[in-house]
Amino acid sequence: MSIPVLEGRGLKKRYPVKTPLGRVRGVVRAVDGVTFDLMPSEILGVVGESGCGKSTLARLILCLEPFDGGQLFFMGREVRAQREREMTDFRRKVQIVFQDPFSSLNPRMKVGNMLMEPLLAHRVLHSKVQARKEVAGLLERVGLSPQDMDRYPHQFSGGQRQRIGIARALVLNPLVVVADEPTSSLDVFVQAQVVNLMLDLMEERGLSYIFISHNLSLVGQIAQRIMVLYLGQVMEVGPARQLVENPLHPYTRLLLDSVPVPDPTKAHLDRLPSLGDVPSPLNPPPGCPFHPRCPRAQELCEREKPTLRGRGDRQVACHLV
Ligand code: SF4
């Protein structure tokens, strides 16, 4: 039986909020005890509204920020216990595709140099000629041309820039790619092209993805499993198809019902819920964090926080399930 390529146990990240005079006036629990695993060649979808902790979780997984609690394992070994050389290997093997391809690319660097740099810095290849050849092939594979090596990021369209972002994530031949809302800044047609490219590359290279999105419907089509986050906590996790066809947590249900339907005659306007605002993470509600917005909330929900329970892959944090 294979082991998870990546595993998080009870990951926590808190940010102190200070007054202008520097006094701590509260703590934001951006990620609050998130446990997950990612199997080889799997897509784990992470969904939730803005501010639910998705991007913070991505940064913790990539060790771009230290976490305050919990453990992260890569190929069965705890990441924080690794030595510098192993950490360098971890950074090669776990890569990211950012949401905004423009701001994530250096505007002053030609695309070729940008992609050759990690190959030479990590000594994967030792000569510029070899690196240039490798990058030319990679650009072709992501649907660009070798001549694009000599162009700057602003000379590309949004979709092309995201292809460069994907090439940059793949240049070091990773095992895991964390895709943080990789299609949300693209129009629908280009979104489909980018998602299809990512799926093809996954199959060719044996990648595993953590695919972060606010769009549960999109994630439901491509992921094997989905984890639903709310105020930094896991509300529901399970096989994608089951979760989309039969959501158990009221928040998952509301996320699904709020996906826009393109044909107005088929839009179930009477079903569209009014979610209201997400409570401030600085002052989260007691009990179930979702209770102020939950249509099924009961008195118990205000007092007692539900734990994540279930069998196997399907787990839900709700008193009613
Ligand atoms: Fe709603 Fe209560 Fe379940 Fe929370 S525990 S999701 S408030 S029913």
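In what order do the eight strands of the open sheet run? The order is β6-β7-β8-β3-β9-β10-β12-β11, and the pairing is mixed. Two strands count as paired if DSSP finds at least two bridges between them. Helices (H or I, at least four residues) and strands (E, at least two) are DSSP runs, numbered from the N terminus.

The model is predicted: local features need pLDDT of at least 70, side-chain atom pairs count only at pLDDT 80 or more, and totals for chains, interfaces and linings use all residues. Residues are numbered from 1 along each chain as its sequence is written, and side-chain values use heavy atoms, with hydrogens and water left out.

The chain holds 10 helices and 12 strands. Its radius of gyration, taken over C-alpha atoms, is 21 Å. The C-alpha trace spans about 70 × 55 × 50 Å along its principal axes.

In the eight-stranded sheet, β6 (94–97) and β11 (309–311) stand at the edges. Each has a single partner strand, so one side of each is left without a neighbour in the sheet. From one strand to the next, the twist averages 20°. Angles run from 0 to 180 degrees between N-to-C directions, and axes are lines fitted to C-alpha atoms, for helices over the stretch in contact. Strands β9 (residues 225–230) and β10 (residues 233–239) run antiparallel and are joined by six bridges. Within this pair, V228 stands opposite E236 in β10. Helix α6 packs on the sheet and touches β3, β7 and β8. Its direction makes about 160° with that of β8. Helix α1 lies across β3 (43–47), β7 (176–180), β8 (208–213) and β9. It runs at about 155° to β8. Contact here means heavy atoms within 4.5 Å.

A second open sheet has four strands in the order β2-β1-β4-β5, with antiparallel pairing. Its edge strands, β2 (24–38) and β5 (77–78), each pair on one side only. Strand β1 (residues 6–18) pairs with β2 in the antiparallel sense over 11 bridges. K13 stands opposite V31 in β2, and Y15 stands opposite V28 in β2. The two strands β1 and β2 form a hairpin with five residues between them. In the turn, G22 has a positive phi of about 90°. Helix α1 (residues 54–61) also lies across β1, β2 and β4 (69–74), at about 115° to β1.

Two helix pairs were examined. Helices α5 (residues 158–170) and α6 (residues 188–205) pack at about 20°, with their axes 10 Å apart. They are therefore roughly parallel to each other. Angles under 35 degrees count as roughly parallel, over 145 as roughly antiparallel, 65 to 115 as roughly perpendicular and the rest as oblique. The crossing of α5 past α6 is right-handed. A crossing is right-handed if the near helix is turned clockwise from the far one by less than a right angle, and left-handed if anticlockwise. Residues G159, Q162, R163, I166 and L170 in α5 meet V190, Q193, V194, L197, M198, L201 and R205 in α6. The contact divides into seven nonpolar, three polar and two charged residues. Ala, Val, Leu, Ile, Met, Phe, Trp, Tyr, Cys and Pro count as nonpolar, Asp, Glu, Lys and Arg as charged, and the others, Gly among them, as polar.

Helices α3 (residues 111–121) and α4 (residues 128–141) pack at about 120°, with their axes 9 Å apart. They are therefore oblique to each other. In the contact, V111, G112, L115, M116, L119 and L120 in α3 meet K128, A131, R132, E134, V135 and L139 in α4. Eight of these residues are nonpolar, one is polar and three are charged.

Conventions. The radius of gyration is taken over C-alpha atoms; the globule rule is 2.2 Å times the number of residues to the power 0.38.
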